[in-house]
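Subject: Structure for your review

Dear colleague,

Please find below the structure that I am handing over to you. My notes on what was found in it follow directly after.

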Amino acid sequence: MLQTLCVPCACHCRYCLLSWNGKTPGLDYEQSAAYAKAFHQWISRERPGLTFHFSFGYSMDHPQLPRAVAFLNSIGSVTGKYLQLDGMAFRSPGEMAALLNELRENGAESLNFTFYGLPAYHDTFAGRRGDFQFMLSTLGLARTAGFQVTAGIPLTRESAPQAEELVSLLRGAGVERPRLFIPHEEGRGASLSGIRFSTRDAEGLPPALLSLLNQNIYQPESQWMGQRPLPPEENRALLISLTPDNFSRYQAMDFAAVIAEAEALDEAYYSALPDLNGLLSLYGDPQGTGYYSRRDLTHHYQKRYIREHALNLYDVTDERQTGSRRD
């Protein structure tokens, strides 16, 4: 994934992965897109076994979004087909309908929305009054325009009591199967640790509702403990983040060297830390009730290990900068 964080977000969500603070540190879009085009051409020719994607912001609200989507599709980036529409600036229904039609014409197929709870709670969580209704209206317009629409609901101790009514509302709006998920601790996600969804919260939900949470991915800590030894991660995604400070250096490197540098950062970080089995042996609670994904649990204990051992590591898990994602 090549990214430039040059497009702002209209929200200020409590658990933002990218810790949005109102500033866009990414390289100019036009320069980034030209670099993405050249990078894609090189990968297609020299490393066809790799997938390549490009993204450009804290939200998808590019000032010329249809043109940007057309470019994403021209380089085969999944971000041109599947758009996350959280954090878009408010538009009138007519303006949004026109934008959606242009997006369809330029190859977009599926739109995703995140709902944090019922309207008042959602708006507070997202940091924008009226966000829930705007998203719901946009979802309806998207269905009319012929898009596939999906929706995710972050499940916490606070949102769990709202989930059944919210799922019913979203189904009524045309989302066939809203997805429940456990928010991670990356970015501002650590601020939600006190309301992490637990087995006690799960016991209060109807089984049909809980089935919307993929429990192969999200499990209580005690369940992860019981599965040891866990197999090693099998996949690695590299993230190259373009900024005005690093772009001239990247331009002076060939693409193979850019990839190798990100791989080296990944390997230096993970070689300095125990794997998840080792971390669970050190810190795991056999009675732990909090739900985690494997990646989130690894991240949770990596940060603890780094603090306790006073390690000074370049953080490849900070998705605002060049790094990696393992699963």
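A residue is called buried when its relative accessible area is under 20%, exposed when it is over 50%, and partly exposed in between, using a 1.4 Å probe and protein chains only. The model is a predicted one, in which local features need pLDDT of at least 70 and side-chain atom pairs count only at pLDDT 80 or more, while totals for chains, interfaces and linings use all residues. Residues are numbered from 1 along each chain as its sequence is written, and side-chain values use heavy atoms, with hydrogens and water left out.

Salt bridges

By way of background, side chains of opposite charge can pair when their charged atoms come close. A salt bridge here is a side-chain nitrogen of Lys or Arg within 4 Å of a carboxyl oxygen of Asp or Glu. The whole structure contains 20 of them.

One of these joins Asp-61 to Arg-91, with 2.7 Å between the closest N and O atoms. Asp-61 sits in the loop between β2 (54-57) and α2 (65-74) and Arg-91 in the loop between β3 and α3, so the pair ties together parts that are 30 residues apart in sequence. The names of these elements come from DSSP runs, numbered from the N terminus: helices are H or I runs of at least four residues, and strands are E runs of at least two. Asp-61 counts as buried, at 14% relative accessibility, whereas Arg-91 is partly exposed at 24%.

A second salt bridge is formed by Arg-157 and Asp-201, whose closest N and O atoms are 4.0 Å apart. This pair links distant parts of the chain, 44 residues apart: Arg-157 is in the loop between β5 and α6 (160-172), and Asp-201 is in helix α7 (residues 199-203). Arg-157 is partly exposed, at 42% relative accessibility, while Asp-201 is buried, at 14%.

Asp-266 is buried, with a relative accessibility of 0%. Both residues also belong to a network of salt bridges that links Arg-236, Glu-263, Asp-266, Glu-267 and Arg-326.

How many of the five residues of strand β4 (residues 110-114) are buried? Five of the five are, so the strand is largely enclosed by the rest of the structure. Both of its faces are covered, with Ser-110, Asn-112 and Thr-114 buried on one side and Leu-111 and Phe-113 buried on the other.

Two strands are said to pair if DSSP finds at least two bridges between them. Strand β3 (residues 82-84) pairs with β4 in the parallel sense over three bridges, and Gln-84 stands opposite Asn-112 of β4. Between β3 and β4 the chain passes through helix α3 (residues 93-105), and this β-α-β crossover is right-handed (with the strands pointing away from the viewer, the path from the first strand over the helix to the second runs clockwise). Strand β5 (residues 148-154) runs parallel to β4 and is joined to it by five bridges. The bridge partner of Asn-112 in β5 is Thr-150.

Strand β5 also holds Pro-154, which is buried with a relative accessible area of 3%. Leaving aside neighbours within four places in sequence, Pro-154 is in contact (heavy atoms within 4.5 Å) with residues including Tyr-15, Thr-114, Phe-115 and Phe-181. Pro-154 and Leu-180 are 26 residues apart in sequence, yet 6.0 Å apart in space, C-alpha to C-alpha.

Helix α12

In helix α12 (residues 276-283), the buried residues are Leu-276, Asn-277, Leu-279, Leu-280 and Tyr-283. Seen down the helix axis, they fall within an arc of 160 degrees, so they line one face of α12; the arc is that of the directions from the helix axis to the C-beta atoms. These buried residues pack against α9 (221-226) and α13 (294-308). On the other side of α12, Ser-281 and Leu-282 are exposed.

Yours sincerely
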